[in-house]
Amino acid sequence: MSTKVVDRTPLTFYERSYLPAILSGLKVTARHFLRSAKGHNTATDLSQGYYPEVPWTVAEGYRGAPYLVRDQEGHTKCVSCQLCEFICPPKAIKITPPGPEGIPSDRANAEKMPREFEINMLRCIFCGMCQEVCPEEAIFLQKDYSLTGTSREEMIYNKEKLLSLGGTHAGIQKWKHKLESAQHQEVFPVKTH
Amino acid sequence: MATAQTISFREPASHAAEVPKSAVMGEDLQELQGDKLVLNIGPSHPSTHGVLRVVVELDGETITKAMPDIGYLHRGDEKIAENMTYNQFVPYTDRLDYLAPLANNVAYALAVEKLMGIHDKLPPRCQYIRVICCELARISAHLLGVGCFAMDVGAMTVFLHTFTEREKIYNLIESLTGARFTTSYTRIGGMTRDLPPGWVDQCRKFLDEVVVCFAEVGSLLTRNRIWVDRTRDVGVISKELAINYGLTGPNLRGSGVAYDVRKAHPYLCYSDLEFDVPVGSVGDSYDRYLVRMEESQQSVRLLHQCLDKLPGGADNRSKEPFHVQDGKTVLPPKDKVLTSMEELIHQFMLVTQGVNAPPGEVYFGAENPKGELGFYINSRGGGTPYRLKIRAPSFVNLSILPAILPGHMMSDMVTILGSLDFVMGECDR
């Protein structure tokens with residue numbers, strides 16, 4: 001195993017005079033001073049400016065607040081399978097399924113959609129597991145990172161709010177294709193004797 | 001804690017305090033001679049780096065006894081782990097050593113993979129990305145450790161420069177994992193995503209900049225008389241004492257014991273990479289500082305090797321897998337889940353029941369920035385651990401305080417706490 005004993009040579013007489021340390025310290029400061037005099041500002045180099053005047057632009061693929069999305073035709077994508085509710089490590093998601101009497105869905109042939117879908121943004125940790133497990137691509141972590149509210153109730157986002165914040169996500173329209181193939185089967189010529 | 005005096009102190013192991021009696025002491029002062037003052041440092045004190053409370057007994061300005069009191073940040077992580085599947089616990093590991101969440105993610109994933117017997121079947125690209133994560137986390141944690149240590153001792157400038165560099169690491173981590181702080185990057189059997197395009201070049205650029213920062217920190221501290229006077233021969237931990245108290249990480253190596261889990265029990269692809277293990281010779285705070293600085297430089301060296309050797313290259317044109325190819329361990333690809341029945345079933349099974357771990361017990365320790373972070377998993381089979389024990393390096397490293405603090409001046413305590421570089425999120429867990 002290659003080990004390396006760190007160098008701790010005692011300070012020389014010159015170094016004990018504090019002078020070299022002061023000089024090298026000033027050198028570091030001067031270097032940074034000249035850099036910023038030339039227009040380089042660390043804060044603006046690393047981001048676009050000073051938060052909150054200039055909001056932080058998050059990286060591609062950032063995990064912000066999770067919102068529900070609609071498909072191209074404005075239908076709710078979520079089918080209330082409750083996988084996200086199950087996986088959610090801080091238990092922030094609460095789904096109320098439609099039940100036997102509820103409206104199954106807002107589009108033809110889809111099995112069901114949630115009667116209520118609530119995310120408690122005070123509990124949510126933006127881990128992204130809901131998006132990862134969703135078998136319908138119905139929930140996405142979007143770019144919002146600064147959520148504020150004046151009460152706890154306000155921070156529980158319901159289905160309506162989540163859908164309006166989420167926007168649309170174009171993708172495979174799974175249930176549309178299922179409907180088409182089902183309709184196709186219905187017009188299939190059946191032999192009659 | 002009703003009274004601080006009720007805590008039973010253990011006898012200080014070394015450094016019996018010698019307090020010189022002043023000849024010019026007044027009469028009322030002489031009456032006070034021999035009275036000890038019990039002082040609470042923390043739980044909320046700038047130099048305790050979190051919620052550590054140390055009850056010290058002072059004779060004048062000299063510490064005669066010290067007792068750390070921990071548990072202010074206890075969240076019951078080990079019990080929480082028993083009630084969720086293995087993958088669900090990954091976000092909790094972010095919050096152990098919150099200065100190096102990526103390294104915790106990797107250590108935890110490797111522990112569960114060892115239980116499942118797939119730790120040696122990880123694809124090479126996965127191993128290299130995990131090493132990159134670990135070493136970035138190490139640089140980040142050491143930059144903070146040295147910066148805060150210097151700030152506690154009085155050198156404010158260092159802290160500001162190291163934090164600028166950490167910001168760059170956070171930017172890299174943000175584009176890699178999607179979060180700056182709570183990364184939750186690993187899953188059992190792999191990672192959530194591959195390197196984003198252009199990331200390798202950004203990382204190389206950062207490495208070139210961070211070595212400049214190391215040089216600056218070195219020029220501000222290493223040969224600075226004030227710094228040397230404050231840290232040299234302060235908080236000396238002998239080799240034997242370090243081993244007896246079970247120290248790991250830079251604190252152990254500062255005492256001259258060349259034990260590094262990456263070398264002693266290589267995991268991931270560490271055996272293919274070249275790096276030196278820096279060790280100290282005396283075991284004082286100065287040695288621990290030097291070891292941390294050298295270790296960060298070695299991490300840069302490791303990162304350069306990893307980025308060069310990365311299987312599949314920066315863009316992964318050859319489509320190297322970055323997780324194991326097993327539908328019962330990692331979630332199937334999303335397009336398959338949407339269109340195919342088999343994958344949809346796997347998705348539901350894996351999410352609701354978790355990975356199918358065999359019964360048995362396993363311990364896996366990884367070299368984290370603070371020391372050896374170990375996970376002991378006792379499994380009765382299935383997707384949930386029966387018991388998960390976290391061997392937190394900060395917890396063990398703090399246990400040495402009653403042995404090394406007595407005999408030091410009050411202001412040296414700040415130096416010693418800074419040089420031990422602990423983090424309470426991990427200690428109390």
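**Ground rules.** I note that this is a predicted model, in which local features need pLDDT of at least 70 and side-chain atom pairs count only at pLDDT 80 or more, while totals for chains, interfaces and linings use all residues. Residues are numbered from 1 along each chain as its sequence is written, chains are lettered from A and ligands numbered from 1 in the order in which they are written, and side-chain values use heavy atoms, with hydrogens and water left out.

**Cysteines.** I then checked A:Cys124, whose sulfur lies 6.5 Å from the closest cysteine sulfur, that of A:Cys88, again too far for a bond. Over all chains the count of disulfides comes to zero. B:Cys203 is buried at a relative accessible area of 0%, and A:Cys124 counts as buried at 17%, where buried means under 20% relative accessible area, exposed over 50% and partly exposed in between (1.4 Å probe, protein chains only).

**Strand S2 of chain B.** I followed strand S2 (residues 53-59) of chain B, where seven of its seven residues are buried; strands (E, at least two residues) and helices (H or I, at least four) are DSSP runs numbered from the N terminus. B:Arg53, B:Val55, B:Glu57 and B:Asp59 point one way from S2(B), whereas B:Val54, B:Val56 and B:Leu58 point the other way. I recall that in a regular strand the side chains alternate between the two faces of the sheet.

Two strands pair if DSSP finds at least two bridges between them. S2(B) is joined by five bridges to the antiparallel strand S1 (residues 37-41) of chain B, with B:Asn40 opposite B:Val55. Seven bridges join S2(B) to strand S3 (residues 62-69) of chain B, also antiparallel, and there B:Asp59 has B:Thr62 as its bridge partner. S2(B) and S3(B) form a hairpin with two residues between them, and B:Gly60 in the turn has a positive phi of about 65°.

**Where the chains meet.** What does the side chain of A:Arg8 make a polar contact with? I found the side chain of B:Asp284, at 2.7 Å, a polar contact being a pair of N or O atoms within 3.5 Å (within protein, one must be able to donate a hydrogen and the other to accept it, and residues adjacent in sequence count only if both atoms are side-chain atoms). A:Arg8 sits in the loop between strand S1 (3-5) and helix H1 (19-37) of chain A, and is buried at 11% relative accessible area.

I next looked at the whole contact, which takes 62 residues from chain B and 48 residues from chain A, contact meaning heavy atoms within 4.5 Å. The two chains bury about 4,900 Å² between them, 58% of it on carbon and sulfur atoms; buried area is the accessible area (1.4 Å probe) that two parts lose on being put together, summed over both. In chain B, B:Arg223, B:Arg225 and B:Leu338 lose the most area to chain A, together 17% of what that side buries.

Finally, I counted six salt bridges between chain B and chain A, each a side-chain nitrogen of Lys or Arg within 4 Å of a carboxyl oxygen of Asp or Glu. A:Arg31 forms a salt bridge with B:Glu216, the closest N and O atoms being 2.5 Å apart.

Note on methods. A disulfide is a pair of cysteine sulfur atoms within 2.5 Å.
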